[in-house]
Amino acid sequence: MSKTQHKVNIIPLGGLGEIGKNMTAFRYGDDIILVDAGLMFPEEDMLGIDLVIPDITYLIENKDKVRAIFLTHGHEDHIGALPYVMKQIDVPVYGTALTLGILQGRLKENGVSDENCHVIKPGDKVTAGAFKLGFIRVNHSIPDAIALAIRTPVGLIIHTGDFKFDQTPVDGQVTEFNRFAEYGDEGVLLLMADSTNAERPGYTPSEKRVGQTFDDEFRYAKNRIIVATFSSNVHRIQQIIDSAIRYKRKVAVIGRSMVNVVNISIELGYLKVPEGVLIDIDETTNYQASQIVIITTGSQGEPMSALTRMANNDHKKVEIMPGDTVIISATPIPGNEKLVSRTIDNLYKLGADVIYEKSNGVHVSGHASQEEIKMMHNLVRPKFFMPVHGEYRHLVKHAQLAQSLGMPRENIVIGENGAVIELTRKSIAIAGRVPAGKILVDGLGVGDVGNIVLRDRRQLSQDGIMIVVVTIEKNSCRIVSGPDIVSRGFVYVREAEDLMETAKEKVEMALDRCADNNVTEWSVLKSAIRDALGRFLYERTRRRPMILPIIMEV
């Protein structure tokens, strides 16, 4: 056995030090498996960017070694990058029925075949190269979530995926505590566990608590009820439908992703909806307001989502009426707070009664809090530990929790994206790096927008652009016509004629100087225009617009 065969390399390509784009590679010799392939949504300064996916350079360079991809659940931050990955790496993809049902919709949108997708369920076993995997049912804010038991020639690795311990889950499918305990008895070399709520003391409340809140709100609502939640939270949608049935209301669903997930969930049997309860949004006018519930997307205040359009009086089918009850059943993702606040304000202005997170009980997390995290550690009793899924402070907090349970500090590794973590029977340590980072998706372009393009977009958004068009005589470089100046996002030209006239004079002076010195290089001429104009505009306005000189010869 060669020396390399005594170790497993764990390579996080996304999901550490951030919330989103979860992706981890496991390598033993010439075999690689991948767990999850998620995306994250753009940060505020990523202007015009639609999605962010992990850099998969390492996987492409080793594509002949990749044996399979395993999915823990169907959230975008775990499956969203798969259409892009599967275009480049053709290997089997394993996931539970709902996970693959949601994924197949994404693949179809992107023109990717789903024939390599294989449905698995808790208790199944799959072999991929040197790895043998078992699947354990866990609770999360989407049905059909699983943890992975990864058997390697070095030892057993447990990857929890996203989890919480819900003692009263909506679908009655409790986490398989006994399976975790059995693996713990057998001996677990490494635990990789969800850290999202590692800062939160106590236990995460049961999803059923939200159902009780819905019941209370539905009981007292006099008019129409509109509930916004994540489209993937099928248990939440089930509870909305249950409350609607209890109070004899019809349910309409709007928002593209919501409609897709509801249809897939009904088809696969994850949503139980009696005949005649669901109606088309156009049919709601046939009923009194007190007989209607609308389930919609937009709980994060996304500008193009259905709820935000309603709040802006801009939705084709639904107009907010005074007396409507709007329930926002989600917590704002960090960075979305302003968007959500604006939506709530606009709904209040239109006369709606808005119930949101601060009013308590309309949302619970899908992630384990500190006491559940401790229980996971005590069930599994691993030799080594690596916190995953969370911002850096969450990983550190989770490591501290593990230490409080008696785990030696040297047995814990806090990784980062791109780190190669070497695991042997006796040690765990960071042993190198591979390329990792963010690939930006803008429209159909994947990775063609980088830092320089973003920097230009930022400058355009802050100070605007000024285009200078001038025609010069080829030999003498003297101005024949122009300069003409076009401004966008800098100043309103008609109200800044003096500024524009002086700007033209500065351009003429700069070109005259070049002509006097027999300078004919276009790059030098453009640079001279840029410098002279940039200096003048900054002195007069303290702004730095992007300056684009266009020179024509005659």
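The model is predicted, so to speak only of what was kept: local features need pLDDT of at least 70, side-chain atom pairs count only at pLDDT 80 or more, and totals for chains, interfaces and linings use all residues. Residues are numbered from 1 along each chain as its sequence is written, and side-chain values use heavy atoms, with hydrogens and water left out.

Let's start with the sheet. It is open, has six strands in the order β8-β9-β10-β11-β12-β18, and its pairing is mixed. Strands count as paired if DSSP finds at least two bridges between them; strands (E, at least two residues) and helices (H or I, at least four) are DSSP runs numbered from the N terminus. At the edges sit β8 (125-128) and β18 (384-388), each pairing on one side only. From one strand to the next, the twist averages 20 degrees. β8 runs antiparallel to β9 (residues 131-137), with four bridges between them, and T127 has K132 as its bridge partner in β9.

Helix α11 covers β11, β12 and β18, and runs at about 160 degrees to β12. Angles here go from 0 to 180 degrees between N-to-C directions, and axes are lines fitted to C-alpha atoms, for helices over the stretch in contact.

How do α5 and α11 pack, and at what angle? The axes of α5 (residues 177-186) and α11 (residues 370-380) are 7 Å apart, at an angle of about 45 degrees. That makes α5 oblique to α11; angles under 35 degrees count as roughly parallel, over 145 as roughly antiparallel, 65 to 115 as roughly perpendicular, and the rest as oblique. On the α5 side, F177, F180, A181 and G184 meet M375, M376, L379 and V380 of α11, where contact means heavy atoms within 4.5 Å. Sorted by class, that contact has seven nonpolar residues, one polar and no charged ones. Ala, Val, Leu, Ile, Met, Phe, Trp, Tyr, Cys and Pro count as nonpolar, Asp, Glu, Lys and Arg as charged, and the others, Gly among them, as polar.

Now for strand β1 (residues 8-14). Seven of its seven residues are buried, so β1 is largely enclosed by the rest of the structure. Buried means under 20% relative accessible area, exposed over 50%, and partly exposed in between (1.4 Å probe, protein chains only). β1 pairs antiparallel with β19 over three bridges, and V8 has L423 as its bridge partner there. With β2 (residues 23-28), β1 is also antiparallel, this time over five bridges, and I10 stands opposite F26.

Finally, the charges. The whole structure has 19 salt bridges, each a side-chain nitrogen of Lys or Arg within 4 Å of a carboxyl oxygen of Asp or Glu. Here are some of them:

| Pair | N to O distance |
|---|---|
| E76 and R106 | 2.4 Å |
| R393 and E199 | 3.3 Å |
| R433 and E416 | 3.0 Å |

R393 and E199 link distant parts of the chain, 194 residues apart. R393 is partly exposed at 46%, and E199 is partly exposed at 39%. Salt bridges that share partners also join E199, E391 and R393 into one network.
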